[in-house]
Amino acid sequence: MLKEQEFKLWQDYKAGNLEARTELIKSLEPLIQGQVNKFNGSGLPQTAVKLEGIKLTAQALDTYDPNKSQLNTHVTNHLKK
């Protein structure tokens, strides 16, 4: 999905459209999966790590400020915490 489309979905979510949030999280799935893969071999269940990644992504969407960074960058930084 293009950055412009993701930004539009984020704007829709901020306007109260919860479907946009779900669609946005789905579009960020490759980003989430990339962070989850870093925990392979750690002994943690991959499903649990992925759920935590989705939760952190949802939190990142709530704290995103388009004046400070791009959405993908903000989400990635949030996932690294």
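## Close-up views of salt bridges and a buried helix face

**View A. Lys-8 is partly exposed, with a relative accessible area of 45%.** Partly exposed lies between buried (under 20% relative accessible area) and exposed (over 50%), computed with a 1.4 Å probe on protein chains only. The model is predicted, so local features need pLDDT of at least 70 and side-chain atom pairs count only at pLDDT 80 or more, whereas totals for chains, interfaces and linings use all residues. Residues are numbered from 1 along each chain as its sequence is written, and side-chain values use heavy atoms, with hydrogens and water left out. Lys-8 forms a salt bridge with Asp-12, in which the closest N and O atoms are 2.9 Å apart. A salt bridge is a side-chain nitrogen of Lys or Arg within 4 Å of a carboxyl oxygen of Asp or Glu. The two residues are 4 positions apart in helix H1 (residues 3-14), which means that about one helical turn separates them. Helices are DSSP runs (H or I, at least four residues), numbered from the N terminus. Asp-12 is also partly exposed, at 24% relative accessibility.

**View B. A salt bridge joins Glu-29 and Lys-50.** The closest N and O atoms of this pair are 2.6 Å apart. The pair links distant parts of the chain, 21 residues apart: Glu-29 belongs to helix H3 (residues 29-37) and Lys-50 to helix H4 (residues 46-63). Glu-29 is partly exposed, with a relative accessible area of 24%, and Lys-50 is likewise partly exposed, at 27%.

**View C. Glu-52 and Lys-55 meet in a salt bridge through their side chains.** The N to O distance is 3.7 Å. Both residues lie in helix H4, 3 residues apart, so they are separated by about one helical turn. An α-helix has 3.6 residues a turn, so residues three or four places apart point the same way. Glu-52 is partly exposed at 37% relative accessibility, as is Lys-55 at 44%. The structure holds 3 salt bridges.

**View D. Helix H3 has the buried residues Ile-32, Gln-35 and Val-36.** Seen down the axis of H3, these residues fall within an arc of 105°, so they line one face of the helix. The arc is that of the directions from the helix axis to the C-beta atoms. What covers the buried residues of H3 includes helix H2 (18-27), H4 and helix H5 (71-80), where contact means heavy atoms within 4.5 Å.
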